[in-house]
Amino acid sequence: MMLVSVFDTKSYDREYLMGAQKGAQISWRFHEFRLSEECVSVAQGAEAVCVFVNDRVDRPCLAALAGLNIRLVLLRCAGFNNVDLDAADELGVAVVRVPAYSPHSVAEHTIGLLLTLNRKIHRAYNRVREMNFSLGGLVGFDLFGKTVGVVGTGKIGRIASQLFRGFGMDVLLCDPVPDQTWAKSMGARYVPFEVLLESSDIVSLHAPLLPDTIGMLNVSTIALMKKGVVIVNTSRGKLIDSGALIQALKSGHVGGVALDVYEEEEGVFFEDLSGEVLADDELARLLSFPNVLITSHQAFLTREALSEISRVTIENLLAFQRGAPFLEGTQVERNGPTG
Ligand code: NAD
């Protein structure tokens, strides 16, 4: 029987991991709190830990895990910016992730956010429930014929581009590793980042969080954008400098923002803080704008994605137990490809 300590467990993690087990000899120890150095001891006796985006798998945490002879970290997500890969490598701890559980889930949520923000569906929903059937303040714009800039044309960016094309939008792309053949087949074109910013009515971020993408939307890059631009970020919060974004919203330079991720989401997103005082002033300010729509990192949350996350996690766990290779492309290594 393999024992796995699962951190930051939500009801759906429990349901889908147990549902995908299909007779495999796995015993899950579910914890609702996140993994960090301070709480590693609860994993005593486990062969692996299973974590999500906001667990802090830094060097001290990995050293403590190795001290308990835990040599496997199973990420229930694609991003791995919360894991110190150098430390994992040095300590002999394998790190695996789920690189593509459902790029459709995130791309479709991107469209959902854009439509909701632009057509003010969230406001209309509340109004109608109050028997207020007026339309004042609910004017949006047609997506048809507008230009959208897609930053990052990996798995999610490509599907988002396809969906944008479905609305009859002009799609501009940027990516350090462009795929011209795909772009041509899509009727879209690659342009430099600055040109994309200058030309787009909507900018949608699908790039990973890397040292060179942190704060890619900042005071100077936001200044390049069209007045009234709508920004959608379903990728990683730290791609945007929140302070710069707030200033641009206040001045009216940015016309709307839809976020599924936020720079400082750790400890806030995924939690019920409805009875507490929100300590993050920037998040509180963002929430106060009528033209900002925020969801709490839920873009991945579809049945299909949860099933795939559980399947890959369990297959990798069983492979580890047998001493077999992990599923192709799931191991994250120090000098491997970036997520
Ligand atoms: P991917 O690895 O398939 O694609 C990322 C693309 O970004 C690659 O083509 C890469 O070359 C490109 N890129 C790298 N640096 C860039 C830069 N400076 N400018 C433009 N492009 C750049 O990843 P993916 O599966 O498409 O996921 C994209 C991001 O979405 C992930 O990094 C992850 O953080 C995020 N994500 C969010 C959720 C959610 O629930 N909100 C779920 C899954 C993934």
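The answer below treats the domain interface and then the ligand.

A: The model discussed here is predicted. The protein is divided into domain 1, comprising 2-101 + 302-337, and domain 2, comprising 103-294. The centres of domain 1 and domain 2, taken over C-alpha atoms, are separated by 30 Å. At the interface, ten residues of domain 2 are in contact with 15 residues of domain 1. Between domain 1 and domain 2 an area of about 1,100 Å² is buried, and carbon and sulfur atoms give 51% of it. On the side of domain 1, the residues that lose the most area to domain 2 are R34, N54 and N81, which together account for 40% of what that side buries.

Polar and charged interactions also belong to this interface. Two salt bridges are found across the interface of domain 1 and domain 2, and three residue pairs are in polar contact between domain 1 and domain 2. By class, the side of domain 1 that touches domain 2 consists of seven nonpolar, four polar and four charged residues. R34 also forms a salt bridge with E271, with the closest N and O atoms 3.2 Å apart.

The ligand has 25 residues around it, of which Y101, K155, I156, D175 and D260 come nearest. The side chain of K155 places an N or O atom 2.8 Å from an oxygen atom of the ligand. For I156, a backbone N or O atom lies 2.8 Å from a ligand oxygen atom, while for F300 a backbone N or O atom lies 3.2 Å from an oxygen atom of the ligand. The ligand taken alone exposes 860 Å², and the protein buries 88% of that. The shell around the ligand comprises twelve nonpolar, nine polar and four charged residues.

Key
Residues are numbered from 1 along each chain as its sequence is written. This is a predicted model: local features need pLDDT of at least 70, side-chain atom pairs count only at pLDDT 80 or more; totals for chains, interfaces and linings use all residues. Side-chain values use heavy atoms; hydrogens and water are left out. Domain bounds come from an automatic or database domain assignment. Contact means heavy atoms within 4.5 Å. Buried area is the accessible area (1.4 Å probe) that two parts lose on being put together, summed over both. A salt bridge is a side-chain nitrogen of Lys or Arg within 4 Å of a carboxyl oxygen of Asp or Glu. A polar contact is a pair of N or O atoms within 3.5 Å; within protein, one must be able to donate a hydrogen and the other to accept it, and residues adjacent in sequence count only if both atoms are side-chain atoms. Ala, Val, Leu, Ile, Met, Phe, Trp, Tyr, Cys and Pro count as nonpolar, Asp, Glu, Lys and Arg as charged, and the others, Gly among them, as polar. A residue is near a molecule or strand if one of its heavy atoms lies within 4 Å of it. Accessible areas come from the Shrake-Rupley method with a 1.4 Å probe; for residues, only the protein chains shown count as cover.
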